[in-house]
Amino acid sequence: MEINEIKEYLPHRYPFLLVDRVLEIKPGEFIAGVKNITYNEPQFTGHFPEHPIMPGVLIIEAMAQVAGILGFVTTGKKPADGYTYYLAGTDKVRFKKPVVPGDQLRLEAEIVTDKRGIWKFACRALVDGNIVCSAEILTAERRL
C-alpha cells in the first residue's frame, strides 16, 4: 500500500503521519509497514540536537497508526465514512534500543481481540530485524 492509499485510511498528515508504506496486510489478522527515519523530521530539533533519537511516544504512535490501518481494512471502513480509531491505551511497553536517523522502522501489528469496537493489538517495531519496541495497544473505533 503506497502513501496515497495510506492517507485514505489515516486522518494524520505531516508531521504526524508516521507510516510511509504498508508491506503486507491480512485483514482480521496482521499488518506490517515501514517508517523511514530522517534527520529532517521536526522532533530531532529538540530530541536531542547533538544525539538525535526518535521519541518513544512517536514509535508507539507509529505502531498505533499501522494498527489503525489494519482495523479500517478489516472492517471495510475509512475516515471518509465518518469513522476513526483513537488510541485508548498501551500495556507492556518495552523499549530495547534507540531509533536514530537513517533507520528504517518496521512496524507490525496483530489483532489480539475485538470487543464492541475496542481493539487490542500486539505490536512490535524492528530495525534490521531486531526488536526496538514492543507493546500491546488498545484502540477505540468511534463514529465522528
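Predicted model: local features only at pLDDT ≥ 70, side-chain atom pairs only at ≥ 80, totals over all residues.
**Stop 1**

Click on I25 and look across to β2, where I31 is the bridge partner. Now follow the chain through the turn of this hairpin. Three residues sit between the strands, and G28 takes a positive phi near 85°.

Stay with β2 (30–36) for a moment. How many of the seven residues of β2 are buried? Six of them are, so the strand is mostly covered.

**Stop 2: from β2 across to β4**

Next, select residues 104–115. This is strand β4, and seven bridges join β2 to β4, with the strands running antiparallel. For an example pair, pick K35 and find L105, the bridge partner of K35 in β4.

While you are in β4, select E108. Is E108 buried or exposed? E108 is buried, because a relative accessible area of 9% falls under the 20% cut-off. Show the side chains of E108 and R106 together, and you will find a polar contact of 2.6 Å between them. Then display what surrounds E108: leaving aside neighbours within four places in sequence, E108 is in contact with F30, I31, A32, A122, C123, R124 and L126.

**Stop 3: the largest pocket**

Time to look for empty space.
Rolling a probe the size of a water molecule over the atoms shows where empty space is left. The largest pocket has a volume of about 160 Å³. To see its lining, select Y14, P15, F16, L17, L18, K35, N40, E41, P42, Q43 and L58.

Zoom in on E41, which is found in the loop between β2 and α2 (56–75). With a relative accessible area of 11%, E41 is buried. Which residues does E41 touch, not counting those up to four places away in sequence? They are K35 and N36. The side chains of E41 and K35 are also joined by a polar contact of 3.3 Å.

Now move to P15, in the loop between α1 (3–9) and β1. Show the backbone here: the peptide bond from Y14 to P15 is cis, with omega near 5°.

There is another cis bond to visit. Go to H47 and F48, where the peptide bond has omega near -15°. F48 is found in the loop between β2 and α2.

**Stop 4: β6 and its partners**

Select residues 130–143 for strand β6 and residues 83–95 for strand β3; the two pair in the antiparallel sense over 10 bridges. T90 stands opposite I137 in β6.

Find K120 and then L138, its bridge partner in β6. β5 and β6 form a hairpin with two residues between them.

Select D128 in the turn of that hairpin. The phi of D128 is near 55°, a positive value in a residue other than glycine. D128 is exposed, with a relative accessible area of 71%.

K92, in strand β3, also has a phi near 55°, again positive in a residue other than glycine. Is K92 buried or exposed? K92 is exposed, because its relative accessible area of 59% lies over the 50% cut-off.

**Stop 5: Y85**

Finish in strand β3 by selecting Y85. Y85 is buried, with a relative accessible area of 12%. Leaving aside neighbours within four places in sequence, Y85 is in contact with G68, G71, F72, T75, W119, T139, A140 and E141.

The side chain reaches the backbone oxygen of G71 at 3.3 Å, and a polar contact of 3.0 Å joins the side chains of Y85 and E141.

How far apart are Y85 and R143 in sequence and in space? They are 58 residues apart in sequence and 8.8 Å apart in space.

Notes
Residues numbered from 1 in each chain as written. Heavy atoms only, no water. Helix = DSSP H or I, 4+ residues; strand = E, 2+ residues; numbered from the N terminus. Buried < 20%, exposed > 50% of the residue type's maximum accessible area, 1.4 Å probe, protein only. Polar contact = N/O pair within 3.5 Å; in protein donor to acceptor, adjacent residues only side chain to side chain. Contact = heavy atoms within 4.5 Å. 1 Å grid on protein atoms, 1.4 Å probe; cavity = no way out; pocket = protein on both sides within 12 Å on 5 of 7 lines; lining within 4 Å. Points joined across faces, edges and corners; volume = space filled by probe spheres on them. Pairing = 2+ DSSP bridges.
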